Protein chains: 2
Amino acid sequence: MSVSLRDVAQRAGVSVKTVSNVVNDFPHVTPAMRERVRRAIDELGYRPNLTARHLRKGRTGLIALAVPELGNAYFAELAAAVIDAAARHEYTVLLDHTQGRREQEVQVCQGFSARVMDGLILSPLELEPEDLAARTDSAPLVLLGERRYDLPYDHIAIDNVAAARVAVRHLLGLGRRRIAFLGARLNRTHQPAHLRLLGWQTELAAWGVPAEEALVATTHGWDHEDGSVAMAHLLDSGQVPDAVFAYNDLIAIGAMRVLFERGLRVPEDIAVVGFDDITESRYGAVTLTTVAPDKQAIARLAVESVVGRLKSAQNAESPRPTRELQPGFTLVERESTLGRRAR
Amino acid sequence: MSVSLRDVAQRAGVSVKTVSNVVNDFPHVTPAMRERVRRAIDELGYRPNLTARHLRKGRTGLIALAVPELGNAYFAELAAAVIDAAARHEYTVLLDHTQGRREQEVQVCQGFSARVMDGLILSPLELEPEDLAARTDSAPLVLLGERRYDLPYDHIAIDNVAAARVAVRHLLGLGRRRIAFLGARLNRTHQPAHLRLLGWQTELAAWGVPAEEALVATTHGWDHEDGSVAMAHLLDSGQVPDAVFAYNDLIAIGAMRVLFERGLRVPEDIAVVGFDDITESRYGAVTLTTVAPDKQAIARLAVESVVGRLKSAQNAESPRPTRELQPGFTLVERESTLGRRAR
DNA sequence: ACCATCTTGTATATCGTTGTAAACAAGGGC
DNA sequence: GCCCTTGTTTACAACGATATACAAGATGGT
């Protein structure tokens with residue numbers, strides 16, 4: 001059925017270890033012997049069994065990446081970047097989506113598929129600090145995204161407050177003064193880390209513009225549909241803003257759809273800014289101005305963090321202290337704020 | 001460092017196997033003993049090592065899913081469905097993207113991360129029949145998508161010809177006669193399995209409408225950008241169609257973007273139909289009419305095929321013959337063909 | 001020639017788990 | 001009291017790979 005080192009060794013008339021040495025390119029094997037073993041390997045079509053290798057070596061070469069929802073283009077694009085970054089370090093990525101459910105997130109950081117993974121990259125939504133503090137699994141864990149936990153784990157996120165401020169500043173600079181925020185959490189007290197909303201407030205305050213509570217729309221999730229519902233709700237309530245800053249691109253695009261349906265012009269009547277710079281935002285009837293986090297950098301830093309810790313653990317070095325890493329971002333200005341001149 | 005069965009056994013004063021029996025809920029363990037072992041497990045925080053378990057059992061509980069590009073919403077949404085379907089059978093999914101590169105696809109069907117995966121689900125683009133015929137890995141493999149190989153592997157795809165015909169019929173029924181096809185392969189001779197193009201031809205023929213070669217636009221890939229380029233090219237060439245049938249939604253949306261830029265109205269001047277029904281197609285300024293494959297069914301069938309074959313292999317049954325499975329599809333009619341009345 | 005040194009290959013234990021078979025204890029029928 | 005049955009627990013050998021320690025062979029200096 002499956003060919004093992006034993007079979008190859010028998011065929012080549014050498015010991016198992018010698019074959020292992022050839023496979024792993026170890027020194028102290030004469031060229032002649034190496035060749036003989038090589039031939040036996042080819043003839044039998046031997047392929048090493050990683051399960052066994054990893055049991056022995058104590059590592060599996062697998063990193064888990066858990067994001068809330070793969071259907072969200074931001075996470076899909078990020079996942080693609082992580083897979084590529086991991087491949088450069090010879091790690092394979094096991095991808096899961098938590099659907100933003102706390103229990104699933106807990107399961108992930110508790111080792112998920114129990115001890116098969118060398119490391120974990122998690123983008124949490126509902127995970128609470130106490131879940132994280134109760135973590136017993138010893139594999140390196142990196143956290144991505146807006147939430148901060150102040151626990152000894154590497155955390156990678158752009159400066160969300162600064163990014164939101166840049167977006168709002170852009171709108172203020174265009175003369176807009178009634179800027180709605182779309183996509184706040186339902187229970188905002190419970191979730192203090194709502195940095196994009198904070199950035200919105202801060203920048204408005206800096207310009208002396210009142211931050212009207214009525215212009216903050218909450219959503220259940222962060223999909224197109226949530227954006228549409230929130231936007232419709234806002235308009236129906238009689239609060240007509242002259243600009244919208246959305247939590248992400250999906251919400252922004254969902255909101256724009258409602259504006260189109262109601263005959264409101266973007267950006268003439270209402271300017272729109274999103275967050276994430278997913279591909280979709282470049283191809284609508286009105287292209288979307290958005291904050292573009294450096295996804296490549298996020299992926300690279302996340303993988304390097306995990307791989308680095310694995311390496312230092314392997315060499316029995318003391319691990320370096322945990323860090324807050326802030327990749328860059330840019331504001332991409334498009335038609336939803338600049339109109340036709342953006343082309 | 002990590003707690004093993006041995007440690008638990010020592011602590012509870014029993015043999016390793018007894019602990020194993022408790023962990024696996026085997027019968028013939030007295031309640032008192034079970035309780036004693038349970039306590040030891042809790043005290044030490046024991047978690048089974050899946051690597052070792054799987055080495056022993058000969059299976060890993062992992063299925064690989066390889067799609068061309070995760071950034072393509074269709075594949076991201078499909079991947080999400082596969083992950084969920086696999087979870088229902090207690091399998092975990094390892095996701096990879098091949099970027100449509102032949103060598104990567106070959107690597108995947110050759111076991112990819114070598115023998116760690118129990119089964120494989122592959123959505124090939126460039127993979128050639130000879131690659132597949134040369135496959136030595138014995139893990140069950142299922143193929144998804146348009147290409148057919150006529151080799152003994154389960155293949156899951158909707159009836160692409162029929163689906164394309166339904167889409168084209170819809171346009172013909174609306175009175176359109178110059179229907180362009182966007183997204184043909186560059187070398188169409190080399191890739192005979194271009195079923196959607198075939199469906200376009202067939203349906204036109206059935207209506208006695210000439211299938212003009214000039215209305216077939218080739219693309220390099222299948223992204224928004226490819227759709228934009230192809231559409232611009234078509235218009236610049238002086239061939240102005242009254243409808244467009246695109247290989248997928250991304251191309252359709254990219255094409256619509258160009259139509260917007262040039263002041264052409266959708267659907268009044270040019271009607272557009274896509275393929276895949278990704279979420280994005282429901283939220284543009286003009287929502288997209290599209291063929292909606294039953295992604296849930298595709299995912300379910302793929303997982304069931306792999307799991308079924310693993311089960312029969314485990315019970316040493318002879319595997320059932322390979323099958324062609326055709327999940328259903330529907331045509332979702334929206335504004336890009338019906339205009340405002342679609343709402 | 002002889003011993004020390006270096007190179008190359010082998011035998012064996014080990015990683016953590018489960019399957020097999022055998023040991024052991026308790027209970028029941030004769 | 002003995003044997004058999006039933007039920008519970010254990011010892012030991014795998015799964016396929018790598019690391020350690022050691023043996024055998026080659027080389028070189030005296």
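Guide: Gly13(A), with a positive phi near 70°, follows helix H1(A). Helices are DSSP runs of H or I with at least four residues, and strands are runs of E with at least two, numbered from the N terminus. The model is predicted, so local features need pLDDT of at least 70 and side-chain atom pairs 80 or more, while totals for chains, interfaces and linings use all residues. Residues are numbered from 1 along each chain as written, chains are lettered from A and ligands numbered from 1 in written order, and side-chain values use heavy atoms, without hydrogens and water.

Visitor: Which residues of H1 in chain A are buried?

Guide: Buried means under 20% relative accessible area, exposed over 50%, and partly exposed in between (1.4 Å probe, protein chains only). In H1(A), residues 5–12, these are Val8(A), Ala9(A) and Ala12(A). They fall within an arc of 100° (taken from the directions from helix axis to C-beta atoms), so they line one face of the helix. Arg6(A) and Gln10(A) are exposed on the face turned away.

Visitor: Which residues are closest to DNA strand D?

Guide: A residue is near a strand if one of its heavy atoms lies within 4 Å of it. Among the 27 residues surrounding DNA strand D, the closest are Leu5(A), Ser20(A), Tyr46(A), Arg56(A) and Thr18(B).
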